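Colleague: I am new to this structure and would like to go through the terms used for it one by one. Could you set each value against its cut-off as we go?

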Amino acid sequence: MAKQDSKQNANPSGIIPTLQNVVSTVNLGCTLNLKSIALKARNAEYNPKRFAAVVMRIREPKTTALIFASGKMVCTGAKSEEQSKTAARKYARIVQKFKPQVQFMDFKVQNIVGSCDVKFTIRLEALQCFHSAFCRYDPETFPGLIYRMKHNKIVLLIFVSGKIVITGAKTKEQINAAFEQIYPVLVEFKKVVKY
Amino acid sequence: MADSYCPDCKRSTEVVFDHSAGDTVCSECGLVLEAHSIDETSEWRTFANESADNDPVRVGGPSNPLLADGGLSTVVISRPSGTNSDSLPSSSLGRWQSRSSNPDRSLILAFRTIATMADRLGLVATIKDRANEIYKKVEDLKSIKGRNQDAILAACIYIACRQEDKPRTVKEICSVANGATKKEIGRAKEFIVKQLEIEMGQSMEMGTIHAGDFLRRFCSHLGMNNQAIKAAQEAVQKSEELDIRRSPISIAAAVIYMITQLSEEKKPLRDISLATGVAEGTIKNSYKDLYPYASRLIPSFFAKEEDLKNLCSP
C-alpha cells in the first residue's frame, strides 16, 4: 500500500481529537507590583489573602492569566497552542503599559487537553481486566476509566458513552498520537448489544 | 543415663542425671559434672475442666507475627476501680511504661481501631487480618503522616474486603469509619494501591465490583424471601448485557426495587434506600432506565407477563 496521502495514514481512525484547553507559562523577566497592576488594569482581580497572584482575563482569545509577583505568568483557557501564545503576548502587552521592562522569555506550553468521541459504547470493565497495569476503574468513585500510558505520561479518561478525554501532552501531535494508539484498543472492547 | 567425659577418671564414663538435685554425676567416681541444671518442664499442673475461662497452660495471647516482637511484651494496667493504696504505685508504673518508647504502639492502636470497625461491619477474621497486613505495609511511609488516619484505616478494610472477593461499598465503610468522608477514603485507597504496587509489583488483583456482589447482602438486610433473592440475582446477571450507564450499586438497588414491587410484600423506597445507601432519587432514575427491559430481566419463574404490566411506570 503506497503512502500517497500522509494525512490519511496519520489518522486511520478518521477521528481527530479537538483541543479544549492549553496551559502555558512565560517569564516576564522582572518583578512586578501586583497591587498597582490590579488597581490600574481592567479585568484584573487580586485577593492576596486567597491567592498570591493577579487573575487577569481577556476576551479575545478567551483566556485567563495568573500573574505572579516574581514576573512569571500562567496562561490558561486557550483552544490551541498558537492562541495561547497570542494571548500570552497580549497579557504581556497589558503589563508592559505599567512596567516597560517587561520581556517575553521562555514561553512554554505545559499541558494540552483534548477530547473526542468514538461513537460506540465501550466495555470499561473488560478493558480494566485486560489492561489492568494501565487502568484505574472504580465505578463507585468516578464513572470514567483512567488510562495512563506509561511511555509518554499521557492520561486518557475513557467513558462508557465512547467519549474520550486526553490530557498530559505538551504538543498537539502527542494528543493525536495517543488517540491513535488507544483507538484499536477501544474498538477491541466495543460493546455489542444483543437484540 | 548418658555417656560423657569425666575429668577425674580421664575417660568417657556413664553419667547419671539426678533430677532432685539437678546434678549430672559420674557413676564411677561420683564427680559432679554439671550442677544447677534448669528444669524446663511445666511450672504447674493443670486439671481438665477446672476453670474453662483461663487455660492455665497458656500464659499470653496468640502471637501476632505482624508486631515487632510477636506481641510478647507485658503491659501494666492501672486499675480503674483502684480502691486501696495499691493504686498509687501502679499508676506511676503505668505512667512510666507509657513513657517508654514501644515501637509498636501506633501499630497496636491502629489494629485495635481496625478491629472495632470490622466488628461493626461484621467482618470475618480473615478480612480483619488482611486489613492489618495491608496497614502494616503502608504504615511507616512518610506520606501517610499528612493524611487522615481514619481514612487510611478505612481504606485498608475496603481493600481487604475487595481482595477477599467480598466487597463492601464505600458508603458502608463510611458509616463505621468515624469522620472519614467518601472522598477521603477513595483517595486513601488509591494511594495505598499505588504504594503496594510499587513495593510488591503487580500483585494487586482487585477486580471491578459487580452489582451481584452486593445483592445478597442488601436482600438479607431487607428480609426478602429466597425466591425473590434468586430472581434478583438472575435479573442482575442479565442487566450486565444491557447498556445501562449507572453505578453497579444503583443498578442493584433498582433491581431490588423492581423485584419487591412485583412480589407480595412491597418494600418502600425509603427502606431500600437505607439498606443500600443509594439515594431515593437515584433509585427512581435507575428504575426508569431499567423499566423498558423489565420483561428481559425478570425471570419467568418469578413473575409472568401480566404481573409485569402491574409494575408502576416511572
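This is a predicted model: local features need pLDDT of at least 70, side-chain atom pairs count only at pLDDT 80 or more; totals for chains, interfaces and linings use all residues.

Colleague: Why is C6(B) called buried?

Modeller: The word applies under 20% relative accessible area, and C6(B), at 0% relative accessibility, therefore counts as buried.

Colleague: How do you know whether T24(B) is buried or exposed?

Modeller: T24(B) has a relative accessible area of 15%, and because the limit for buried is under 20%, T24(B) is buried. This residue is found in strand β3 of chain B, residues 23–26. Not counting residues up to four places away in sequence, T24(B) touches V15(B), V16(B), F17(B), L31(B), V32(B), L33(B) and E34(B).

Colleague: What makes a set of residues the largest nonpolar core, and which residues have the most contacts inside it?

Modeller: The largest nonpolar core has 39 residues, and M224(B), V255(B), I256(B), I259(B) and F302(B) have the most contacts inside it. Among the elements that give two or more residues to this core are α7 (211–222), α8 (226–239) and α9 (248–262) of chain B, and α9(B) gives the most, with 11 residues. Apart from this core lies another, of 38 residues, including Y135(B), I152(B), A154(B) and C161(B).

Colleague: Which residues of α10(B) are buried, and what covers them?

Modeller: In α10(B), the buried residues are L269(B), I272(B), S273(B), A275(B) and T276(B). The cover over the buried residues of α10(B) includes α7, α9 and α11 of chain B. Just after α10(B), G277(B) takes a positive phi of about 85 degrees.

Colleague: Why is K10(B) called exposed?

Modeller: Exposed means over 50% relative accessible area, and since K10(B) has 60%, K10(B) is exposed. Its place is in the loop between β1 (2–6) and β2 (11–18) of chain B. Phi of K10(B) is near 60 degrees, a positive value in a residue other than glycine. For context, most residues other than glycine have a negative phi.

Colleague: How do you know whether D165(B) is buried or exposed?

Modeller: The limit for exposed is over 50%, so D165(B), with a relative accessible area of 66%, is exposed. D165(B) is placed in the loop between α4 (149–163) and α5 (170–176) of chain B, and its phi, near 65 degrees, is positive in a residue other than glycine.

Colleague: Why is S161(A) called partly exposed?

Modeller: That term covers the range between 20% and 50%, and because S161(A) has a relative accessible area of 25%, S161(A) is partly exposed. S161(A) lies in the loop between β9 (155–158) and β10 (163–169) of chain A. Leaving aside neighbours within four places in sequence, S161(A) is in contact with D117(A), F120(A) and R245(B).

Colleague: What confidence does the predictor give to chain A and chain B?

Modeller: Chain A averages a pLDDT of 90, with 94% of its residues scoring at least 70, although the pLDDT is below 50 over residues 1–8 of chain A. Chain B has a mean pLDDT of 82, and 81% of its residues reach 70 or more. For the complex, the predictor gives an ipTM of 0.77 and a pTM of 0.78.

Definitions and conventions: Residues are numbered from 1 along each chain as its sequence is written. Chains are lettered from A and ligands numbered from 1 in the order in which they are written. Side-chain values use heavy atoms; hydrogens and water are left out. pLDDT is the predictor's confidence in each residue, from 0 to 100. Buried means under 20% relative accessible area, exposed over 50%, partly exposed in between (1.4 Å probe, protein chains only). A nonpolar core is a set of buried Ala, Val, Leu, Ile, Met, Phe, Trp, Tyr and Cys residues joined through side-chain atoms within 4.5 Å. Helices (H or I, at least four residues) and strands (E, at least two) are DSSP runs, numbered from the N terminus. Contact means heavy atoms within 4.5 Å.
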